[in-house]
Amino acid sequence: MTTRPGSVVLMALVCAAFLPCMPRVAHAAAAEKSLGVVYADGRQTEDVPLAKLDKDSDELFVSAYDLARIFKATKFWNPDNRKLVLRIGNHRYMLTLDTRVVVVDETPVLLRMNVRFDEGSIMIPLEFIEGVLAPRSVEKIALDRARLLLSIGSPEYNVTGLEIVDDKDGTRALLALTDELLYHIDSDTPGILRLKIYGGRLNPLKFTLPEGKGLLNRVRAEQVEQDAYLFFDVRKTVQRYRVEFEGEGAAAAAAGKKTPRKLVLFLERGKLPEIPGADFAGKKMVEMLDEGAKRKMIEPVRKIAIDPGHGGSDSGRMGPSGAREKDVNLAIALMLRDRLKEELGIDVVMTRTDDVLVPLDERVEKANAAGAQLFISIHCNGWFTSDAEGFEVFFLAPARTAEEAQLARDENASIAYEKQNASEGSGGDIDFILWDMVQNEYLTESSDLAEMVQREMSTSLGIRNRGVKQTGLRVLKGLKMPGVLVETAFISNPKEEQLLLSPEFRERFIESAIEAIRKFQGRYAGKG
Amino acid sequence: MIRTKTGRSIAIALVVLAVVVAAVYLVPRLRTRGPAEVQKVSEEMRAVTIFFGNKSADGFVSETREVPVAQGFEDQVKLVLAELIKGSRDSDKIAAMPDGTELIQVFWVEDTQTLVLDFNNAFTANHPGGSTGEYYTISNIVKTVAANFPQVARVQFLIEGNQVESIAGHYAVDKPIDVKKWR
């Protein structure tokens with residue numbers, strides 16, 4: 001490390017500029033405002049303090065510290081000539097304290113207000129973001145002055161619009177999607193219909209309507225990690241609801257083409273026969289499934305593959321009191337096998353029945369070869385601290401679309417061409433892609449099974465419900481059947497470790513799994 | 001069967017590529033300057049975003065850190081991921097990095113926009129397991145890379161130069177992870 005004269009002063013000043021803006025906020029209490037920043041890159045939405053520094057102007061200022069952080073700028077402050085250099089994207093912006101001049105690359109641009117120093121921070125007028133940064137940025141930068149909202153980056157929303165139409169039959173909520181996405185609707189909370197769109201990306205602000213129309217009181221939207229949720233607060237006079245994709249386009253979607261679709265939630269009023277067992281908001285309701293959900297699986301489920309996770313040299317997660325995940329998984333899986341045979345007369349294929357390590361691919365092959373119609377993998381969860389708790393259910397994230405698969409095929413073909421002499425495996429790449437496509441076929445069933453298992457576990461286990469998730473779990477890849485992976489509880493949590501060892505808890509899990517399979521049978525085998 | 005064989009052959013090709021890249025780029029560099037210089041403190045600092053899992057493992061929390069601006073891209077990645085491996089002082093922010101984790105080397109394969117991260121054996125050997133734990137180990141790295149290095153399209157994990165099927169038995173990491181699709 002080299003030491004330069006004046007570097008101490010420089011560091012001190014840089015540090016001063018980095019200090020949180022607490023004193024300034026207190027000082028500017030009368031004019032205290034904040035800027036909401038919404039990112040598209042996965043960073044959390046945040047509020048950044050703003051200051052009004054000139055009594056003759058309404059202009060608001062943001063600290064250089066916050067600005068650099070928001071735009072991921074490289075910043076360099078030279079106290080000798082009072083210049084601050086920010087590198088954002090491909091541009092270099094040089095600002096000088098107490099002047100209005102910004103030199104962008106080599107060209108000077110004038111701001112209306114001076115850049116200033118206030119309470120230990122270099123303060124930059126918002127005009128800099130709007131007038132200087134935004135026009136030069138590759139990323140989309142939008143500053144809404146009225147709402148004091150800054151959004152950065154184009155998030156590529158695929159849930160793009162919501163329209164509510166009300167007429168004499170009922171109310172329709174029309175959701176515009178850029179592609180046919182998988183969804184699930186439930187009414188677990190009375191009066192609320194929860195629509196989950198897997199892989200949906202939306203702007204929650206745009207989809208939150210404080211006042212609805214017709215049978216819809218209001219709508220709230222959330223982006224939870226990779227999935228979008230819409231909560232429809234509906235009137236009590238709703239007699240039934242259904243969700244389906246509107247009109248044509250199903251053929252194109254089935255062929256794997258990306259087609260804009262309209263997903264419609266129908267809320268119907270009027271007197272309809274009461275359907276037992278479908279209680280909703282004090283009324284009887286019937287959930288009508290979309291066309292896509294009832295196409296396959298008209299045969300009753302006769303054979304299920306059960307996969308106890310880990311085994312042999314791979315113990316899985318160890319509990320704080322020494323319980324081994326592989327043992328718990330196997331014990332529960334064997335219990336489930338016996339009960340499925342007894343109660344539902346279903347044949348069971350086990351991927352392992354002893355304490356041995358079976359490679360993940362081999363587990364899949366065993367299930368495929370046996371002609372199993374459902375695959376259930378049983379695991380215990382683990383976290384780095386003892387805090388995490390609850391159960392969760394996974395199914396496989398959609399693999400490549402047809403278009404992407406084609407691209408991958410082309411890429412693979414060119415690799416194979418380049419390495420003609422390297423190996424003879426090029427045919428295998430295509431096989432691999434086909435395997436991916438095979439699982440896409442079972443997405444709806446897998447998602448339904450996952451939701452059903454989750455619902456049953458939620459009512460009987462008495463531990464936290466972490467929900468249904470879609471991920472790229474290795475053991476579910478290549479399955480020629482719907483498959484889910486159940487994380488029964490956290491073995492790393494001392495309380496849940498004890499539960500996992502208790503016969504009562506295991507019994508409750510077995511019952512919920514059997515009930516879910518029974519319901520799955522009812523939904524698929526009863527129709528078609 | 002064929003699928004596995006092919007996956008392996010792609011993977012082997014990648015390792016070979018990585019080694020070639022290492023040989024071409026790293027050997028001359030190591031000769032000209034010592035590793036200590038990577039950590040060189042310059043006046044130029046860069047604000048970076050580091051992702052962690054929260055305490056109850058049901059969401060991500062980010063933290064902004066300042067790291068020195070490094071001379072090369074690979075060095076910059078190393079400095080940023082070192083912040084993740086270091087962890088957070090905030091007990092609600094869990095890095096999900098196994099004890100003793102070290103990022104041995106970083107290679108950037110420009111052609112395929114693949115970032116190759118070579119970790120030491122502790123990264124897998126000391127992983128406590130559990131799919132949630134494994135998920136956050138991968139996600140914290142992938143999200144941190146994505147947030148700070150938009151040019152990275154894929155991340156390939158290696159353990160002491162070798163590919164592994166998974167880190168703790170749930171998620172496939174033998175092939176590069178598509179940053180945009182990781183979920």
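Guide: A charge sits over a ring if NZ of Lys or CZ of Arg is within 6 Å of the ring centre and within 35 degrees of the ring normal. The structure above is a predicted model.

Visitor: Over the face of which ring does Lys143(B) lie?

Guide: The cut-off for the distance to the ring centre is 6 Å. Lys143(B) lies at 4.4 Å from the ring centre, over the face of Phe60(B).

Visitor: How is the pair of Phe60(B) and Tyr135(B) classed?

Guide: Ring centres within 6.5 Å make a pair, with planes under 30 degrees apart counted as stacked and over 60 as edge-to-face. The centres of Phe60(B) and Tyr135(B) are 6.3 Å apart. Their planes stand at 55 degrees, so the pair is tilted.

Visitor: How many residues apart in sequence are the parts that this pair, Phe60(B) and Tyr135(B), ties together?

Guide: Phe60(B) belongs to strand 2 (residues 60-68) of chain B, whereas Tyr135(B) belongs to helix 4 (residues 131-148) of chain B. Both Phe60(B) and Tyr135(B) are buried. The pair therefore ties together parts whose separation in sequence is 75 residues.

Visitor: Which residues of chain A are in the cluster of ring pairs with Phe60(B) and Tyr135(B)?

Guide: Ring pairs link Phe60(B) and Tyr135(B) with Phe51(B), Tyr136(B), Tyr171(B) and Trp182(B). The cluster also takes in two rings from chain A, namely Trp383(A) and Phe384(A).

Visitor: Is the aromatic pair of Tyr229(A) and Phe231(A) stacked or edge-to-face?

Guide: Over all chains the count is 18 aromatic pairs. In the pair of Tyr229(A) and Phe231(A), the distance is 6.2 Å centre to centre and the planes are 15 degrees apart. Planes under 30 degrees apart meet the cut-off, and the pair of Tyr229(A) and Phe231(A) is stacked.

Visitor: Which residue lies over the face of Phe231(A)?

Guide: Phe231(A) is buried, as is Tyr229(A). At 4.3 Å from the ring centre of Phe231(A), over its face, lies Arg220(A).

Visitor: Is Val102(A) buried or exposed?

Guide: Val102(A) is part of strand 7 (residues 101-104) of chain A. Leaving aside residues up to four places away in sequence, Val102(A) touches residues including Tyr93(A), Leu111(A), Phe128(A) and Val132(A). The C-alpha atoms of Val102(A) and Val132(A) are 8.5 Å apart, although 30 residues separate them along the chain. Because its relative accessible area is 0%, against a cut-off of under 20%, Val102(A) is buried.

Visitor: Which strands form the edges of the seven-stranded open sheet in chain A?

Guide: The strand order in this mixed sheet of chain A is 9-10-3-2-1-12-11. An edge strand pairs on one side only, and this holds for strand 9 (116-118) and strand 11 (141-144) of chain A.

Visitor: Which residue stands opposite Leu143(A)?

Guide: Strand 11 of chain A pairs with strand 12 (residues 149-152) of chain A in the antiparallel sense, over four bridges. Within strand 12 of chain A, the residue opposite Leu143(A) is Leu150(A).

Visitor: In the sheet of chain B, what angle does helix 2 make with strand 4?

Guide: The open sheet of chain B has mixed pairing and the order 4-5-6-7. Strand 5 (residues 114-119) and strand 6 (residues 154-159) of chain B pair in the parallel sense over six bridges. Helix 2 (residues 73-86) of chain B packs on the sheet and touches strand 4 and strand 5. The angle between the directions of helix 2 and strand 4 of chain B is about 140 degrees.

Terms used. Residues are numbered from 1 along each chain as its sequence is written. Chains are lettered from A and ligands numbered from 1 in the order in which they are written. This is a predicted model: local features need pLDDT of at least 70, side-chain atom pairs count only at pLDDT 80 or more; totals for chains, interfaces and linings use all residues. Side-chain values use heavy atoms; hydrogens and water are left out. Two strands pair if DSSP finds at least two bridges between them. Helices (H or I, at least four residues) and strands (E, at least two) are DSSP runs, numbered from the N terminus. Rings of Phe, Tyr and Trp (its six-membered ring) pair if their centres lie within 6.5 Å; planes under 30 degrees apart count as stacked, over 60 as edge-to-face and the rest as tilted. Buried means under 20% relative accessible area, exposed over 50%, partly exposed in between (1.4 Å probe, protein chains only). Contact means heavy atoms within 4.5 Å. Axes are lines fitted to C-alpha atoms, for helices over the stretch in contact, and angles run from 0 to 180 degrees between N-to-C directions.
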